[in-house]
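Dear colleague,

Please find below the structure that I am handing over to you. I would be grateful if you would read the notes alongside it.

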Amino acid sequence: MHQRDNSGRLIKAPENFLTQSGIKTVFAEAKKGRRDFIRHAFAAAAAGAAVPAAIAQGNPVPTEGGDPNILNLPAHSTGLGQGVAQNDGYGKPSQYESAVQRRQSPGLTQTTQASVSFAPLQSLFGIVTPSGLHFERHHQGWWDIDPSKHRLMINGMVKAAKVFTLDEIMRLPSVSRFHFIECGANTAVDWGNVAVPTVQYTHGMVSCSEFTGVPLITLLELAGADLKNGKFVLAEGADGSSMTRTIPMSLIKSGEVFVAYGQNGEMLRPEQGYPLRLIVPGIQGVSWVKYLRRIEVGDMPYATKDEAVHYIDLLPSGQHRQYSGLQECKSVVTTPSGGQVLLDKGFYNITGLAWSGKGKIKKVDVSVDGGRNWRTARLESPVLSKALTRFNIDWIWDGKPAIIQSRAMDDTGFVQPTYKLLRAVRGTRSIYHNNAIQSWLVQENGEVKNVQVS
């Protein structure tokens, strides 16, 4: 008789780690400014997040004899299924995957219009983030704007201000490129210490899509922009947050920066800036201005509100670092990761994502002993510049505690730092641009927890 191999089984991470009553308590304490309480609440929820193994085994295959799931034909093997286009004409996930959603982390902000939802990295494959699971970050809520009324104006150091309709932009030669977008505050909650239990909440403010649009340099040339003396542009969004960001002309002249209307083969979703948003590969997400309505050409940085007060890095010296939007090389293991439970000793496929705002991922090393020893992982194709890269490596778990880490290197030679190295340069009070190596502790009972290795 064939001997079954049960290695590699695991329980998925919980898709939500606080109860509704817990969320209310966290929000109430956040209003009082009790950040320590919030951290402890998250930690307590993480401790109780693991599901008993007996529950997860659900419908196991019998160790001997016939499997009733094969011997007894189910209804879907004996009858007609549902007709075509029965889901309102727009495809939806299986009911068994309905828990895979982007989610808010309670306590971050007091209003949902100025909040963030995190992509469920632990449940995704490959490098593309489905549009409906792409993380959101809003400063004053999202809008579904009538595209026939939307306009993009180019002014400043141009021969004459020019206004484009969406139709006029969509008639121009287009490009389609895969790029990651990461909020500058991704992994911010773990700057000081471990704060949240799962990879969705530690790293879920990164996503990757195929975007389609027109290079910004094309639009500037059509407007007669002074490309010799114009050193910067100001990108402005049409929502109420007055989001305005300075973009160096050098990035635009490279042809990488473009004005997108498409995402993953369809029009942008409203939460992603429909009908137009700026794509600035490798740069933090706040510069990818949504609902783009104006580009002003100038000869100096604009030092707007979100460049002078927010999105700056507090250094150990007390000084602030400004205009530091580049997302440096980073990676994270998504399986095994926090909240998951390994059910058996034996073979597992360790997998995760790596990315760099400087270019392509060249190499990812993986450790299962907290960084003492490293092995080089396989990079899945495609490996694209300024896009997510999927990596895998084989692992035989012996049932003993293990600390799993990944360390990425990009094609400029930049190596992802440890927390010790990062804090030596950046201190412990920063918010943005945390690209330190992530550690997941696999305990003897198979539960996986978020930890930090000094």
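The notes below set out the conventions, and then the findings by region.

This is a predicted model, in which local features need pLDDT of at least 70 and side-chain atom pairs count only at pLDDT 80 or more, whereas totals for chains, interfaces and linings use all residues. Residues are numbered from 1 along each chain as its sequence is written, and side-chain values use heavy atoms, with hydrogens and water left out.

His134 sits in the loop that runs between strand E3 (116-118) and strand E4 (136-137). Helices (H or I, at least four residues) and strands (E, at least two) are DSSP runs, numbered from the N terminus. His134 counts as buried because its relative accessibility is 1%; buried means under 20% relative accessible area, exposed over 50%, and partly exposed in between, with a 1.4 Å probe and protein chains only. The side chains of His134 and Gln272 are joined by a polar contact of 3.2 Å. A polar contact is a pair of N or O atoms within 3.5 Å; within protein, one must be able to donate a hydrogen and the other to accept it, and residues adjacent in sequence count only if both atoms are side-chain atoms. Once neighbours within four places in sequence are set aside, the residues in contact with His134 (heavy atoms within 4.5 Å) include Arg102, Thr129, Ile181, Ser207 and Phe211.

**The largest nonpolar core**

A nonpolar core is a set of buried Ala, Val, Leu, Ile, Met, Phe, Trp, Tyr and Cys residues joined through side-chain atoms within 4.5 Å. The largest one has 83 residues, and those touching the most other members are Leu216, Leu220, Ile252, Leu278, Leu292, Ile295 and Trp395. Strand E19 (residues 346-355) supplies the largest share of this core, with five residues. Not counting residues up to four places away in sequence, Leu292 touches, among others, His150, Leu152, Ala235, Val259, Leu276 and Leu278.

**Strand E23 and its partners**

Of the nine residues in strand E23 (residues 389-397), seven are buried, and the strand is mostly covered. Two strands pair if DSSP finds at least two bridges between them. E19 and E23 pair in the antiparallel sense over nine bridges, and Phe347 stands opposite Ile396 in E23. Strand E22 (residues 378-379) also runs antiparallel to E23, joined to it by two bridges; here Leu379 is opposite Phe391 in E23.

**The open sheet**

Five strands form an open sheet, with antiparallel pairing, in the order E21-E20-E24-E25-E26. Strand E21 (375-376) and strand E26 (448-451) stand at its edges with a single partner strand each, so one side of each is left without a neighbour in the sheet. Strand E20 (residues 361-367) is antiparallel to strand E24 (residues 402-410), and six bridges join them. Ile361 has Asp410 as its bridge partner in E24, while Lys363 stands opposite Met409 in E24. E20 also pairs with E21 in the antiparallel sense over two bridges, with Val366 opposite Arg375 in E21. Five of the seven residues of E20 are buried, and the strand is mostly covered.

**Aromatic pairs**

The structure holds six aromatic pairs. Rings of Phe, Tyr and Trp (its six-membered ring) pair if their centres lie within 6.5 Å; planes under 30 degrees apart count as stacked, over 60 as edge-to-face and the rest as tilted. The ring centres of Phe118 and Tyr201 are 5.6 Å apart and their planes are at 55°, so this pair is tilted. Phe118 lies in strand E3 and Tyr201 in helix H6 (residues 199-203), so the pair ties together parts that are 83 residues apart in sequence. Phe118 is buried at 3% relative accessibility, and Tyr201 is buried with a relative accessible area of 2%.

The pair formed by Trp395 and Trp397 is tilted as well, because the ring centres are 6.5 Å apart and the planes are at 40°. Trp395 is buried at 7% relative accessibility and Trp397 at 4%. Tyr348, Trp395 and Trp397 form one aromatic cluster.

**Cysteines**

How many disulfides does a search of the whole structure find? The search finds zero disulfides, a disulfide being a pair of cysteine sulfur atoms within 2.5 Å. Cys183 counts as buried at 6% relative accessibility, and Cys329 counts as buried at 0%.

With kind regards
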